[in-house]
Protein chains: 2
Amino acid sequence: MLSVHLENGRVDVRDEPRPGRPRGFALIRLLCGGICNTDLELQRGYYGFSGTPGHEFVGEVLEADSPEWIGRRVVGEINLACDACQWCRRGLGRHCPHRTVLGIVKHPGAFRECLTLPEQNLHAVPDSVPTERAIFTEPLAAACEILDQVPLPCGAQLAVLGDGKLGLLVAMALNAYGYRVHQFGRHENKLRIAQRAGVETEVARGNLPEMAYQWVVDATGSPEGFAQAVKLACPRGTIFLKSTLHGLVPVNTAPVIVNEITLIGSRCGRFEPALDLLTRNLIPVDEMISEQLPLADAPRAFERAAQKGIMKVLLGCGA
Amino acid sequence: MLSVHLENGRVDVRDEPRPGRPRGFALIRLLCGGICNTDLELQRGYYGFSGTPGHEFVGEVLEADSPEWIGRRVVGEINLACDACQWCRRGLGRHCPHRTVLGIVKHPGAFRECLTLPEQNLHAVPDSVPTERAIFTEPLAAACEILDQVPLPCGAQLAVLGDGKLGLLVAMALNAYGYRVHQFGRHENKLRIAQRAGVETEVARGNLPEMAYQWVVDATGSPEGFAQAVKLACPRGTIFLKSTLHGLVPVNTAPVIVNEITLIGSRCGRFEPALDLLTRNLIPVDEMISEQLPLADAPRAFERAAQKGIMKVLLGCGA
């Protein structure tokens with residue numbers, strides 16, 4: 001079977017034997033994979049990764065212990081947890097210290113014709129949700145994670161900084177849940193997607209308001225964005241950190257302390273709220289798809305995904 | 001009257017006229033002043049400060065609009081707020097954007113024979129509390145601020161990093177309120193003060209536990225301390241930032257995001273809980289006094305306060 005291989009920044013497609021299926025796992029045929037910024041970071045060598053990448057996928061279950069899964073179209077949570085530690089017992093397998101992570105940490109990823117994942121990680125995709133929409137479940141779950149971390153007051157006003165894929169999903173998810181969202185970004189064409197979904201958007205040219213928002217989401221992916229978020233937040237305000245920055249980031253901590261700002265790191269989320277939003281078709285994710293390429297064209301797909309202005313690149317969809 | 005003057009890093013004592021008393025203000029005779037790390041930072045030029053420093057004081061009211069204040073021994077909150085903005089209306093004058101700050105921002109400080117402060121900033125010191133103990137009200141209020149920011153679970157276990165004055169006050173205040181405190185520091189003699197008060201202390205020589213505490217307080221005043229605090233915190237843990245660091249601090253944000261850690265900037269606090277702890281004599285603050293010098297010896301007092309191993313230096317106490 002075809003399998004994407006990433007090593008030393010090089011993406012190629014290999015022929016590999018179909019993986020064995022351990023007890024408790026499902027064997028899943030890939031229908032569609034989505035290239036995420038994290039995949040591009042793996043390519044840039046940030047985690048010393050080598051192997052099959054890919055953690056955004058929709059697939060069809062070929063084999064499983066529980067017969068009810070067989071033939072189902074599924075998405076899957078990416079953290080493979082031990083199911084025994086205190087984190088797992090609290091329902092926070094995403095923080096299990098023994099976890100492996102699909103296509104990121106010690107578990108081969110989804111960019112191959114067949115993948116394996118524990119049955120307990122699977123979520124059935126409702127028939128009404130097309131595969132090209134369901135592929136956004138994982139990043140949308142990361143966007144919704146904010147709402148699982150802090151109980152926001154009903155109808156609260158939030159500022160979202162950044163108009164990349166995650167920034168758009170965060171803004172549109174918060175908007176769909178009834179919050180008032182002001183999104184600041186640099187790209188009129190990207191912001192327009194959120195705007196059509198009901199988000200108030202603004203092309204940010206330097207002068208953002210200062211101390212203006214109780215709730216701020218930094219999804220810029222840049223140290224400058226983080227500094228802007230600190231300026232945007234009012235005293236006792238909260239900033240959700242949705243950007244993973246690499247290495248040491250120079251941070252001016254003084255305003256954080258003087259204004260008693262709360263910073264909350266935010267990563268993966270539960271799939272349920274994301275699937276709910278996609279089932280109700282409340283997020284126009286299809287407008288975020290830039291390109292669809294067959295799995296065999298993975299090297300070119302990675303190239304395209306890294307280009308400026310390109311949003312989501314899908315692999316093998318509809319294959 | 002004698003007044004301490006700080007300019008370009010130089011401390012001297014001048015003779016100045018007694019300040020006028022605006023309506024709503026009290027004229028207060030200084031009984032005792034305490035030199036704080038912030039004063040030393042003003043001396044190092046961090047805020048372009050020039051004028052009379054000093055924000056930790058105990059005084060006796062000489063003149064006031066309300067006759068009941070006259071003759072009372074008082075401490076005073078250091079933020080002079082506008083009393084009209086949304087922050088002030090919410091009882092958060094400490095974040096009033098129009099505020100001046102005693103001895104720090106545009107209001108002459110307490111290191112002079114007579115100072116002025118709005119009556120609404122004053123708190124009477126109970127007769128049972130000696131002046132040398134009451135002088136710790138302001139820094140102890142900053143230590144207690146943590147408990148005003150987040151409702152900690154009853155009996156929660158916290159790690160406090162740092163054994164400077166603020167670290168000790170934080171550890172002892174949390175301990176006095178029934179929390180289980182593990183304090184990590186570098187100085188056996190300083191830690192012993194907290195230990196005698198019931199805090200579990202440990203001289204930290206490198207290897208601190210990792211991902212071990214749900215609640216961590218960073219009071220180290222150093223970027224390395226902040227990095228240690230991030231390591232010490234468990235996933236979804238909370239770190240209170242009690243250290244003011246200057247300039248850009250290199251921060252590794254990746255573990256903050258991956259482990260979804262919450263960072264909370266924390267500054268000044270309400271005086272009530274601090275005065276309560278001091279009145280009940282639950283914090284052995286007298287052990288933290290290194291030296292007492294007359295106001296006229298302020299230059300030498302500042303020198304002493306900046307020396308290694310020296311803790312609290314008092315000015316004019318008992319005068």
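Visitor: Which residue does A:Arg270 form a salt bridge with?

Guide: A:Asp148, with the closest N and O atoms 2.6 Å apart. A salt bridge here is a side-chain nitrogen of Lys or Arg within 4 Å of a carboxyl oxygen of Asp or Glu. The two partners are 122 residues apart and link distant parts of the chain. A:Arg270 sits in the loop between E17 and helix H9 (271-279) of chain A, and A:Asp148 in helix H4 of chain A.

Visitor: What are the ground rules here?

Guide: This is a predicted model: local features need pLDDT of at least 70, side-chain atom pairs count only at pLDDT 80 or more, and totals for chains, interfaces and linings use all residues. Residues are numbered from 1 along each chain as its sequence is written, chains are lettered from A and ligands numbered from 1 in the order in which they are written, and side-chain values use heavy atoms, with hydrogens and water left out.

Visitor: How many salt bridges over all chains?

Guide: The count is 27. Across the interface of chain A and chain B there are 2. B:Arg236 forms a salt bridge with A:Glu145, closest N and O atoms 2.8 Å apart.

Visitor: OK, the interface. How many residues does each chain put into the contact?

Guide: Chain A gives 36 and chain B gives 36. Contact means heavy atoms within 4.5 Å.

Visitor: How much area do they bury?

Guide: About 3,100 Å² between them, 58% of it on carbon and sulfur atoms. That is the accessible area (1.4 Å probe) that two parts lose on being put together, summed over both.

Visitor: Which residues of chain A lose the most?

Guide: A:Arg236, A:Ile257 and A:Glu260 lose the most area to chain B. Together they make up 21% of what that side buries.

Visitor: Which element of chain A gives the most to that side?

Guide: E16(A), with 5 residues. E16(A) is joined to strand E16 (residues 248-252) of chain B by 5 bridges, and the two run antiparallel. A:Asn252 stands opposite B:Leu248 in E16(B). Two strands pair if DSSP finds at least two bridges between them.

Visitor: Now the big picture. How many strands form the open sheet with both E17(A) and E17(B)?

Guide: 12, in mixed pairing. The order is E13(A)-E12(A)-E11(A)-E14(A)-E15(A)-E17(A)-E17(B)-E15(B)-E14(B)-E11(B)-E12(B)-E13(B). Strand E13 (200-203) of chain A and strand E13 (200-203) of chain B are the edge strands, each pairing on one side only.

Visitor: Within it, do E14 and E15 of chain B pair parallel or antiparallel?

Guide: Parallel, over 5 bridges. B:Trp215 stands opposite B:Thr238 in E15(B).

Visitor: Which strands does helix H4 of chain B lie across?

Guide: E15 of chain A, together with E14, E15 and strand E17 (262-265) of chain B. The helix runs at about 65° to E15(A). Axes are lines fitted to C-alpha atoms, for helices over the stretch in contact, and angles run from 0 to 180 degrees between N-to-C directions.

Visitor: Last one. Chain B has a sheet of 3 strands. What is the order?

Guide: E6-E7-E8, an open sheet with mixed pairing. Strand E6 (79-80) and strand E8 (106-107) of chain B each have a single partner strand, so one side of each is left without a neighbour in the sheet. B:Asn79 stands opposite B:Val101 in E7(B).

Notes. Helix = DSSP H or I, 4+ residues; strand = E, 2+ residues; numbered from the N terminus.
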